[in-house]
Amino acid sequence: MTTVAATAQAAHAHHDDRSFIQKYIFSTDHKIIGIQFLFLSLFFLMVGGLLAMQIRWQLAYPGKPMPLGNLLPETMAPGGVLLPEYYLQLVTMHGTFMVFFAIMLLLVGVYANFLIPLKIGAHDMAFPRINMASFWSAFASGIVMLMSLFVPEGSSRAGWTMYVPLSARHDYSGAEFGQEMWSISIILFGLSSILGSLNYITTVINNRAAGMTWFRMPLSVWALFITAILGLLAVPVLAGAAIMLLFEQILGTHFFDPAYGGQPILWQHLFWFFGHPEVYILILPAMGMVSELIANGSRKPIFGYHSMVFAIAGIAFLGWIVWGHHMFVSGMNPTLGSTFMVSTLLIAVPSAIKVFNWMGTMWRGNLRFHVPMLHGVAFVAMFTIGGLSGIFMAATPVDMFIHDTYFIVAHLHYVLFGGSLFAIFGGIVFWYPKMFGRMMNETWGKIHFWLTFIFYNGTFFPMHIIGMAGHMRRLYDPTIYDFLKPMQPMNEFISICAFLLYGSQIIFFVNFWWSMFKGKKASQNPWNDNGLEWTTPSPAPHGNWDTLPTVYRGPYEFSAPGASEDYLPQNRKLPTDRDPVLSPAAGH
Amino acid sequence: MHWWLPPQGSTFAPDIDYMFTAILVITGITFVGVELGLLWFIFAYRERPGRKAFYTHGSTKAEIIWTAIPAVTMVIMGIASNGLWVKIKGRNSVPANAYPIGVHAKQFEWWFTYPGPDGKLGRTSPALVAKTTNPTGLDPDDPAGHDDLVVRNQMHVPVGRPVVAYLTAEDVIHSFYVPEFRVRQDVVPGMEIKSWFEATVPGTYELGCSQLCGLGHYKMRAVVTVHTQEDYDAWMQRTAKEKGEPTS
Amino acid sequence: MRRLSSVAAVAAGLLVLALRPAPAPRSTFAGSTVTGKVKFVGKAPANPAIDMSEEPKCKAKYTTTPHEEIVSVNKNGTLGNVFVYVKTGLPADAKYPAPATPVVIDQNGCTYHPRTFGIMVGQNLEIKNSDPLLHNIKAMGKKNRPFNISQPNAGMTTIRTFTTAEVILPVECNVHGWMHAFVGVLPHPFFATSGADGSFSITGLPAGTYTLEAWHEKYGVQSATVTVTGSDSKTADFTYTAK
């Protein structure tokens with residue numbers, strides 16, 4: 001880091017004469033931006049869940065009026081009975097809100113922003129104003145997407161995957177401007193994501209504190225850094241595809257229209273070329289966070305730190321060459337089915353390495369089951385199921401049968417909910433003191449964890465079974481098919497578990513908001529963790545540190561022999577430690 | 001409530017089911033191992049007063065073992081699966097004597113074209129599609145199509161011989177899916193895709209559209225009847241007579 | 001002098017007002033009636049049979065095989081389902097309020113009832129589903145905003161209106177490809193559809209010369225001219241020939 005930049009950031013830490021609006025609304029402080037993303041994404045998580053509740057109602061009780069359904073307009077649910085076109089809007093918007101506005105924002109928008117400068121020992125991001133722009137464009141994107149449900153004829157309804165020609169033509173879908181609003185929202189979201197990625201990558205490369213070498217970086221930072229690279233390269237493809245779709249919808253272009261020489265399958269290639277790296281964007285930061293939670297809870301170093309870094313890089317790299325596994329039966333050249341099968345099977349390997357290394361971390365540890373650790377271990381248990389179910393899909397002949405069934409729905413929810421969302425809940429509890437200066441209630445945290453764990457498995461595990469039996473996706477009324485009628489009791493069971501799952505989240509939300517004002521005040525390092533974020537007060541002040549810390553060791557020196565406690569922060573200088581040699585470019 | 005894969009109704013089904021079961025065994029062993037391992041660690045290594053964690057950064061030997069075993073397993077699985085994939089979907093996989101049936105998908109109906117006594121399907125063109133009078137766009141100038149039988153939402157196939165579906169779509173992407181046959185193929189506008197199978201058990205099955213195609217997607221259902229060859233010929237004669245088509 | 005000229009001016013103005021012709025009456029109770037028959041010459045072509053075997057709940061509503069009523073030739077040699085309307089001749093500034101009563105289109109036995117009908121701009125179209133299964137109603141307007149909505153259950157009713165005149169706006173169901181309806185959307189009430197005896201009747205026409213157009217889904221359009229006094233009855237017949 002240059003002398004100029006270092007001085008400027010240090011000056012920032014001393015004088016804080018910003019107005020309320022500059023401090024909390026149009027803030028350039030990465031921590032406030034992270035918290036803004038947190039409030040925005042938690043809102044969309046609840047919206048996405050509410051949509052899912054309606055989907056599950058319709059699947060359990062097809063054609064029956066939904067409780068409170070009479071509050072919905074006639075165009076969505078006359079007499080409280082959901083219409084097929086509204087059901088498809090629910091399915092589409094649930095996927096869209098959850099993937100982009102909940103999980104992506106929770107993992108990247110919140111934690112890349114909040115954690116990176118704190119964990120690498122920087123005052124803020126490399127580009128604080130671009131960071132602010134990234135939040136506000138995500139906010140605008142979310143508003144557009146939300147409003148699309150309320151325009152005449154409703155929102156887009158072609159599934160979150162937006163396959164053409166259905167998504168491109170009003171006469172095929174029945175949607176009107178809502179369809180275009182999806183494309184516009186995604187373009188705005190792409191802008192937000194790309195701006196964010198630029199910041200995260202630059203900050204990690206340039207702004208690490210003295211002594212914070214690459215292989216002393218916490219795994220959460222590695223994961224966020226590599227995720228940012230994935231995002232920088234993949235999201236523009238989505239944005240480009242969304243622009244093409246928007247042109248198709250409003251300008252009458254024919255990229256995807258076979259009557260004029262266009263190709264419907266082109267959309268799928270573009271979408272999934274983004275879409276597969278996207279799912280790794282949705283899991284890698286969670287994996288990084290889980291490493292922090294499990295190492296802390298086990299009071300032990302991460303087992304195989306270097307392998308873990310290479311596994312993250314391996315997953316990210318292989319993630320570029322597997323997209324065709326979403327398209328085995330799409331009509332693309334079957335030879336591609338063979339090649340994509342091989343690459344897809346291989347991507348199981350680095351994920352397996354990570355699971356074994358987390359287990360190795362717990363092995364012979366001194367396991368402390370605080371709420372974040374519960375979530376970290378649950379992640380490993382659930383992600384294993386999600387990852388293993390992926391192997392069935394990788395084998396093309398089997399995928400031919402389970403594609404577009406509930407087996408896929410089970411898989412994706414095991415990795416995104418059982419995986420990412422459990423990691424997110426654990427991360428929120430873990431870093432809450434650093435964000436808000438208070439602790440969340442531990443007892444209610446445990447109750448929330450167990451209820452979520454039980455009802456989540458009750459909701460999603462049976463989907464493997466009905467999927468295997470042939471139950472297709474996105475059906476408004478499965479009872480049209482004789483072979484699906486016997487599965488209705490299972491659909492009902494799943495729905496009841498889903499209602500209880502959603503209801504259980506009330507506990508989390510009450511805990512979250514109540515603790516912010518009434519929670520036990522937090523000490524600087526309430527979890528006895530080694531990361532640099534725990535060397536500054538709770539909540540972390542503007543600028544993070546007056547003097548940036550110097551780093552002497554890696555982030556996982558728990559239970560080190562010779563240390564007086566079972567943890568050893570990265571910046572504590574022991575008599576045997578030598579000061580890092582500073583690079584000449586730093587201007588020292 | 002069906003707790004397993006659907007009944008097997010085609011020559012593909014035993015092979016696919018075998019592969020499914022093999023993967024279930026491999027992943028099942030891994031699943032049990034990981035979950036039991038986690039449970040054991042949770043109990044055996046829980047925090048107790050006076051205990052200390054074992055300080056280690058890992059084991060290169062362990063990394064090699066648990067990288068190599070999954071990698072080798074995955075490679076073997078890939079090689080083992082590919083043969084079946086090529087047999088079902090490969091470019092040259094359709095048997096030469098397969099009986100052709102035209103399958104035309106539109107929002108929200110399936111139109112099946114049977115080749116009639118000449119055994120050949122007539123040419124179709126999207127430009128010739130007329131709502132009630134010519135739902136599949138059969139070209140009147142092609143003599144092969146003069147004896148073709150066009151039927152709505154009913155697929156009839158003879159048992160024990162390869163059938164090749166010529167899949168076309170009129171508007172959006174649909175997907176041809178019969179669970180008992182284990183066959184699934186997306187139907188894409190602008191393409192004619194061949195999907196073959198051989199039914200093994202006479203009976204009645206259901207075909208469901210398996211790619212979201214609009215608000216009537218859930219109702220895009222056809223009934224599939226697998227006949228013995230004699231029953232099939234009888235059905236063909238009966239239906240041709242009803243529709244005023246040539247019976248021989 | 002001045003006072004006299006102002007009084008004269010006012011008197012002249014009042015006289016002009018008094019002598020101004022009264023505006024034409026707009027009441028629908030007054031007006032002329034045009035009736036007629038749509039004749040059909042030749043052998044009625046066979047209507048295509050509908051295969052409802054995969055929709056048993058609809059098939060059960062029929063005792064004989066249902067047909068798609070493209071050409072409805074009546075026993076008396078007339079053609080039903082011909083939409084007849086006033087195409088030109090009404091005053092350019094004439095405005096006709098849409099009735100409060102809706103036009104009902106019912107999906108029963110997987111067919112639209114009626115098949116061909118007229119509706120006024122701004123008048124409610126009440127779409128009913130009497131079948132216990134999914135129908136979608138796709139209105140393919142070119143001047144009116146198209147819509148595509150569904151009714152999955154029996155007893156459902158949806159109201160829609162049209163904002164612009166359009167002759168003819170086709171309506172179809174995609175779940176049942178044989179289902180077609182044809183809607184004439186007009187800004188005035190002077191239209192009718194020929195019935196089971198081939199006759200039609202248009203009432204309340206103000207005095208004037210009008211072009212009447214008859215529209216049939218297979219046999220196309222025909223025109224006739226008719227002049228009415230505003231209180232008389234005239235006849236206008238159409239003849240379609242089998243092709």
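Modeller: The account below begins with a sheet of chain C and then turns to the other chains. The model is a predicted one. In chain C, four strands form an open sheet in the order β12-β2-β14-β15, and their pairing is antiparallel. The edges are held by β12 (191–193) and β15 (220–228) of chain C; each has a single partner strand, so one side of each is left without a neighbour in the sheet. On average, and with direction ignored, neighbouring strands of this sheet are turned by 25° against each other. Strand β14 of chain C, residues 208–216, runs antiparallel to β15(C) and is joined to β15(C) by 9 bridges. Within β15(C), Ser223(C) is the residue that stands opposite Glu213(C).

Of the 243 residues in chain C, 35% are buried. Among the contacts in chain C with a separation of 6 or more, 66% are between residues 24 or more positions apart.

Chain C also meets chain A: 8 residues of chain A are in contact with 8 residues of chain C. On the chain A side of this contact there are 4 nonpolar, 2 polar and 2 charged residues. Chain A also includes helix α3 (residues 30–60), whose 31 residues should span 45 Å at 1.5 Å a residue; the end C-alpha atoms are 44 Å apart, which agrees. Of the 31 residues of α3(A), 22 are buried, and the helix is thus mostly covered.

Chain B, for its part, is divided into domain 1 (12–46 + 54–89) and domain 2 (99–243). The C-alpha centres of these two domains of chain B lie 40 Å apart.

Definitions and conventions: Residues numbered from 1 in each chain as written. Chains lettered and ligands numbered in written order. Predicted model: local features only at pLDDT ≥ 70, side-chain atom pairs only at ≥ 80, totals over all residues. Helix = DSSP H or I, 4+ residues; strand = E, 2+ residues; numbered from the N terminus. Expected span 1.5 Å × (residues − 1). Buried ≥ 20, exposed ≤ 12 C-beta atoms within 10 Å, placed from the backbone. Contact = placed C-beta atoms within 7 Å. Nonpolar A, V, L, I, M, F, W, Y, C, P; charged D, E, K, R; others polar. Domains from an automatic or database assignment. Pairing = 2+ DSSP bridges. Axes fitted to C-alpha atoms, helices over the stretch in contact; angles between N-to-C directions.
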